[in-house]
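Here is a short briefing on a protein complex. Look at the structure first, then work through the points by topic.

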Amino acid sequence: MTTLRALVGTSHSSRSAELLDRLRVFVGAIGPLDGPTSLADADETCSAAEAALDGARPELWWLGLSVLSARIADTAAVEESCHAVRRGSPPGAVVVDTLQRFGHLEPESWPPVSVHRGGVLVDVDQVSRNPLGTGIQRVVRQTARRWGGNPETTLVGWADGYVGLRKLSPAEVAQATDQHILATDSSPGAGGPGSSFAPLTGPTGGSGAVLIPWRTTLLVAELAIEDERPSALAGIARFARSSTGLVGYDCVPLTMPETTGSGMVQPYMRYLAACAYATRIAAISETAASEFHGWRSTLASRGMSGPEVQTVELATEVPPSAPPPESTSMGGGRGHAPALPFAGSDIPLVVAVGSHEPRKNHMAVLHAAELLWHRGEEFSLVFIGGNSWNSEPFFDRLDELRSKGRRVESLSAAPDHLVSSAYRSAACSVFVSLHEGFGLPIVESLACGTPVVTSDYGAMAHNARHGGCLLVDPRDPHQIAEAISRVINHDGLRHKLRSEAAAIAARTWDTYAQEAWDFLVHGRPPR
Amino acid sequence: MTDRSTAGLVEASLAARLRQVLPYLEGPGDCDSGPRLTDAGDLIDATARHVCADPATDKLWLVLAATAGRLPTAGDVREAHYRAETSSPTQMALWMLDDSARRSTPASAVRSIRLVDDHVLVDAGARLHVGASTGHAQRGLDRHPLVPDFDRLVAVLTACWKNKDRYLRVAWDPTFGCWTADDELIVPWRTTVVVLGTTALEMRDPLAAAAEMSGSTFAALVDDNFPAASGGLIPDEYLEQTVHHLNALKHFSRVAALSEASAVDYRGFVSAMPAQGVRAPQVVYCALATDPFPPEPGISAELPQGCRYTRAQEKLGDTASNGDSEPPINQPIDLSPDLPTILCVGAADRRFNLAGLLCAADLLWTEGIQFELNLVVSKLGTGDFPPLNDRLLPAGRPIKIHLATDQIDLEALYATARFCISASNHEGMAIWTSEVLSRSIPVLSSPRNAWNGDRYTAGVMAVDIDDSHDLVAAIRLLLTDDVAVSHLRDEIASRGRRPWDKFSDELWSFLVDAASPPDDRAVAFEPAGHQQLPSSS
């Protein structure tokens, strides 16, 4: 039976020095147990580590295994180790046995590892890697650039393979916080007047070390479902003696799996399993909160109370979009920037923004449009959104209608200025999704003063509460058709809806970021 | 068969199916054209005229079932709705033929259909697709007299969803008093369909569409809802299946859960339904009977000495094996063991927490307490429990593993158990514990797994299964203190009875008659009395 002490004491072993360093990190993180410990002394370091692990406390085992292996420890490894110690096995031997069993004693490299205590870690892994700007990514960037200005905050991503957290490089911080937009953004917020967050002036450089959180606060505004990320997140939430706060968008893969892509259910369920150990979830709308409350109530049958769930309603402020490049004309100029179809026509324009996944219900929009075209009504319909899971039927129907001469087109990868232009050119927008956690296209359209035809329940109805919208049953194409017809054909109604939209006061990103911070970090619910 | 004769058979089958559904499409003033038409072309034209004139969702669902000989998905019905509203009858007829060719299979194209509008359909598919199991609801449903009791109350046509194809296959027909397997599509029409257990993943779309669009009322008896609460503890394939079953259930009208814990799970799920504009089903708790499950036909209540497993070898391919320490799998059961025995029925999934149980048992063996541990698991993968092969078995710990148990096996294990342990982290019902209690055997279990009213906690010692010290102390007590065991046995003996008839009656009243659900806290019991294991028929 190889013990920890024996392993560290093997002077000819190349790994003994690195292992001893990691033991010192571990012992240093938990502090002296019984009086001062000299971390310079290998024997005393081993003794202190073994003493800490002797009580079979899962949290200390999690930290110990995480630090020694430089990766967030697997829950099964923690549980097995604790069981072994309870059965009477010496902790020093159990550590070695567990590290061997999980293959962590012969790694290809020994990355530096550090324990992060105190402060607030903000996990922005996806947006630091990926420049895309879908709904969730926009929320994360707007939030991260404000939270990132707090001196307590460290923006982090994940090391390859989701083995542990790491500090971001300056370029990654810039990408995660949209700093190129920050430079042109003159609106309040982003650390401006009225914000308690200081401007994000410059990121700190990453050290390359694997970072193990301990007695800290971790905030995750992303949907963390990739690969091993949910399991690692669950380990942190469960064992790191930290507060874990998440932004909750929706529970669609659980409550409406037929509208999600193949392979989405299992990762999302692993994410929910991690959420069960979180401290707080800030749901982006009352609808999202109702889903998380429903999910949370099921935890009682496992004897778990689950996280505190509160609605922290998302911002409705639409940030200014970058102006179009001077060389790009709406009619399709130089380069491949898409132009707005049917621009300049007197025929009313209807826009539908969102990806073509089944949940967005674009087939019903096409059904409704054809009912109107079939009876002779004139209007153009433009969809703006990317391809998505199971979007083939949408494009088949689109081709079929175009071949009948219907005025319908679809744009993908449209820049923000074009989306904004489409909203402003349209008589109305249509957003009749079957289920939304929030429904950003509704507030975007209203911010442009454009009426919206939207679904008569959930977050969509909630976003329509201040006016500017017509509510319909999204499963009834006739209701959708009648609402579109009313808006495009009745000037009085359209003007009334535009006036209502113009009168809506936007909820700012500063307010959202502050309220989310107050709840997730300090447990103070929004007023 | 030649292509021509095959084509003729397909056409004749299509015509026969359309002739059956056409009368259901006609309004009160329409002439009854179905029986008069014989040609498939005429029939499809007539059908198209009807659905273009009245593109009601349920009628479109019915037509699509008939044209392809298989049940449609929601997407199929929505497409038909679009076509019916934007096409001429002639165009619609052509589309229906194209759609039929696209969706039908060689088998479904020549299949006959049976419209059921005057029977309650009981979908027992889950019973037929589960093999030997270890205490899941399916096994309970398989053996308790639920269906026969339904049969007593009203004429019932029991059907099951057949895997990988979209049709209801008659499984049990009371008219003939036997299971049948004729290749006939059973189409519920404005009736009630009761689904027992979790349907196969392949059936998720047509089941959801039928519940949402067919016009029939769907109701379900459920045992657990693990995905929401225990996503990290159950196998991925089971996770996927249950999530999609949940998706179908949201279109049901009524759901009866077998335990209060399970009802809490389902209520949590359905409370999220308004977010998607769906009227959630009513969820009630319908307590399982406390009487013993009746034995399967042919199984005697008297157990042969030294009985052993017969199906075990089929599953040994998945079994852990580690060199010197061969797990003692499926050894003959000693009906007069020298040591007190503890029985645990579960699986290798983390949800069942067998690792925690093994740890506690090892501590007690180390103390010197003598007992034998019988583990009944449905499957054991290599490396599921490293301590088992690495430490416990080489150390000679008296552990016996039983795979693929049948009722004979279980009865033998029950007969020898001093008490049973349910160390699971999350249980919807744990039917096997109910079965154990019905045999006056005490149970050690987490209090959260016993949310079934006071009557159901009689004979159950609650223990925090996450606390190893608590678990060890409780096991030690029941192994060493005869008085404690007797006390639990007395509790079981003095609890009231809840016979299967009572359970079935209440279940039927709620699921089929839409009667007010029984008060969760006032489940009907009969006075305590001597319970006998029913003899085999």
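In helix α12 of chain B, the buried residues are B:Leu239, B:Gln241, B:Thr242, B:Val243, B:His244, B:His245, B:Leu246, B:Asn247, B:Ala248 and B:Leu249. That makes 10 buried residues out of 14, and α12(B) is mostly covered. Keep in mind that this is a predicted model.

- The 14 residues of α12(B) should span 20 Å at 1.5 Å a residue. The C-alpha atoms at the ends of α12(B) are 20 Å apart, so the model agrees with that expectation.

**An open sheet in chain A**

- Chain A has an open sheet of 6 strands, with parallel pairing. The strand order is β12-β11-β10-β13-β14-β15.
- From one strand to the next, the twist averages 25°.
- Strands β10 (residues 349-353) and β13 (residues 428-431) of chain A run parallel and are joined by 2 bridges. For A:Val350, the bridge partner in β13(A) is A:Cys428.
- Helix α17 (residues 416-425) of chain A packs on this sheet. There α17 touches β10, β11 (380-384) and β13 of chain A. The direction of α17 makes about 140° with that of β10(A).
- In general, strands of a sheet pair through backbone hydrogen bonds, either parallel or antiparallel.

**An enclosed helix in chain A**

- Helix α18 (residues 440-447) of chain A has 7 of its 8 residues buried, so α18(A) is largely enclosed by the rest of the structure.
- The buried residues of α18(A) are A:Leu440, A:Pro441, A:Ile442, A:Val443, A:Glu444, A:Ser445 and A:Leu446.

**Chain B as a whole**

- Chain B has 21 helices and 15 strands.
- Of its 537 residues, 53% count as buried.
- Among contacts in chain B with a separation of 6 or more, 78% join residues 24 or more positions apart.

**How confident is the prediction?**

- The complex has an ipTM of 0.85 and a pTM of 0.85 from the predictor.
- Chain B has a mean pLDDT of 75, with 68% of its residues at 70 or more.
- Where in chain B is confidence lowest, and where is it highest? The lowest mean, 40, belongs to helix α8 (residues 137-143), and the highest, 97, to α4(B).
- Residues 297-325 of chain B have a pLDDT below 50. Beyond near neighbours in sequence, this stretch has 57 contacts in the model.
- Residues 529-537 of chain B also stay under 50 in pLDDT. Beyond four places in sequence, the model has 18 contacts for them.
- Where pLDDT is low, the predicted coordinates should not be read in detail.

Definitions and conventions
Residues numbered from 1 in each chain as written. Chains lettered and ligands numbered in written order. Predicted model: local features only at pLDDT ≥ 70, side-chain atom pairs only at ≥ 80, totals over all residues. Pairing = 2+ DSSP bridges. Helix = DSSP H or I, 4+ residues; strand = E, 2+ residues; numbered from the N terminus. Axes fitted to C-alpha atoms, helices over the stretch in contact; angles between N-to-C directions. Contact = placed C-beta atoms within 7 Å. pLDDT = per-residue confidence, 0-100. Expected span 1.5 Å × (residues − 1). Buried ≥ 20, exposed ≤ 12 C-beta atoms within 10 Å, placed from the backbone.
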